[in-house]
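Dear colleague,

I am passing on the structure we spoke about, together with some notes on what came out of going through it. Please have the sequence and the model open beside this message as you read.

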Amino acid sequence: MAMLNRFSVACWKNAPSGLLTEQLLLVSRALHKSAASEALEISATGEEAMPARLIEPAVVREASKIKSLKEMPGPSTLSNLIEFFWRDGFGRIHEIQEEHTKKYGKIFKSRFGPQLVVSIADRELVAEVLRAEGAAPQRANMESWHEYRDMRGRSTGLISAEGEKWLNMRSVLRQLIMRPRDVAVFSDDVNEVVDDLIRRIYSLRAQQSDELTVFNVNDLFFKYAMEGVAAILYECRLGCLENNVPKETQDYISALHLMFSSFKTTMYAGAIPKWLRPIIPKPWEEFCLSWDGLFRFSMIHVDKRFKEIKAQVERGEKVKGGLLTHMLTTMELSVEEIYANVTEMLLAGVDTTSFTLSWACYLLAQHPHIQEQIYTEVTQTLGPGTVPTAEDVPCLPLIRGLVKETLSRLFPVLPGNGRITQDDLVVGGYFIPKGTQLALCHYATSLDEENFPSPLEFQPDRWVRKDTSDRVDNFGSIPFGYGIRSCIGRRIAELEMHLALTRLIQKFYIGMSPLTTDVKAKTHGLLCPAAPINLQFIEREN
Ligand code: HEM
């Protein structure tokens, strides 16, 4: 069994899905040697290259021990249905992940109607699956997204595209925003948005009788994240943090809320068969309505920038700008692809960042002594009142540790990720046929004692490297995913979070409002606060 564990992921091309031992003997020659122990090769773009595959004949002896999916443990279809539809399991997906891992082990199967999902909650197996990926990995079935785009004549963007089309777009976009230095140039733009965030905090505090409290900080951080991503993507300001939010921005926020607040509805939009739509029309209608709103907004801003560029060219002026300007002047992507990509990036970049900021501030308020340590680091490193830039962030390990401890461990905003296997695989000793939906259980692995000692404790300093050999990163926690299909907005999100948190900690002591009790997490697509987080922002004397 030890050998099977070592060689627990096998991958081969064009093999039939059957499970005959002879076939296994043949195909297992293609197994590569202990993918988990291969060193990561980080390419110049910051994306991880796949390790070379080696043939390991010893595995052939083990092939006959490979088990089928039938032998894999997991909850029954009935208990799953009860859990999700009767006991509101959609809001507790993260807890169910942990419960099922404890009950069935670190690899188990579940059935949702006709859909079989294999869940993996073991960091080595997650690593092996992701390291064995092909050139264009597939995350999940995006049929409903494709259907909407086909119906409206719209393109897919990075989230929804597959295969060759995805590969082409990814190779263009990764050159623009994947490396920390690509986004460092946006420090000043992001800092302007942080200025507005701080002004907004003063304004909100002033409206309360204690003149300290901001109610439901996620509302504030949602607007900050949206303004920040848009400043980079659209190269313009939206006015989200103003007292009077402009109408078109307000319409966009409503479309975004519709997409997420009706998370179950939009999930059902994909799950409900087309023939049932005349009987249950609402989910599909709301799904289309929110996409219409999201696309409309992006198109307004892309078209506006396009006109500005055109006018500049006509006047013979040099065209300067950021991401959108680059896309519009090089035209490596078609206009429809640009619309789709900025739409999908804005969708991906707002709630993820705002929930993480809300949780980070909540944890700071809950742990005043840790907040003081981070404050000391910030003031000693930057000196009083200095506005930090991306270049300062590597010198602020506790700020980075704060984000990692929040996002990578206690509140992974995406509690799970998915992959559809593109080849037949052997994972953890089980044969998994091509086309199977895998669920990578980040929430369970982030809180696994084997991966992180004292997993329930908030310890930002666990991420601080004591020396260069001390790598804390591991596959127990990959909040931005991994490899060629990982989050393309990671560096933008990190810049927004690092700069905002540093400046908030510089300026305020963040305390818990007496009106906030213990806030639990719930899954609503993302891992979000189940109740409003109300915090006090007490000005520091600098
Ligand atoms: C805290 C903030 C964020 C978190 C935790 C996060 C997390 C993730 C994760 C886990 C994935 C899937 C990766 C995989 O399958 O391996 C993803 C994909 C993606 N994210 Fe993010 N994200 C964040 C912010 C952003 C931002 C700010 C943007 C855009 C500006 C963005 C754009 C995208 C896009 C376009 C994809 C799809 C990439 C592809 O399929 O090629 N994300 N993100």
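S454 is exposed, since 9 other C-beta atoms lie within 10 Å, and the cut-off for calling a residue exposed is 12 or fewer. Please keep in mind throughout that this is a predicted model.

E235 sits in the loop between α11 (217-233) and α12 (247-261). Is E235 buried, exposed or partly exposed? With 19 other C-beta atoms within 10 Å, E235 is partly exposed, because a residue counts as buried at 20 or more and as exposed at 12 or fewer.

Turning to the ligand, there are 27 residues around it, and those that come nearest are G349, T352, G481, C487 and G489. The elements that give two or more residues to this shell are α16 (335-366) and α20 (490-507), and the largest share, seven residues, comes from α16. By residue class, the shell around the ligand divides into 15 nonpolar, eight polar and four charged residues.

With best wishes

Notes: Residues numbered from 1 in each chain as written. Predicted model: local features only at pLDDT ≥ 70, side-chain atom pairs only at ≥ 80, totals over all residues. Near = placed C-beta within 6 Å. Helix = DSSP H or I, 4+ residues; strand = E, 2+ residues; numbered from the N terminus. Nonpolar A, V, L, I, M, F, W, Y, C, P; charged D, E, K, R; others polar.
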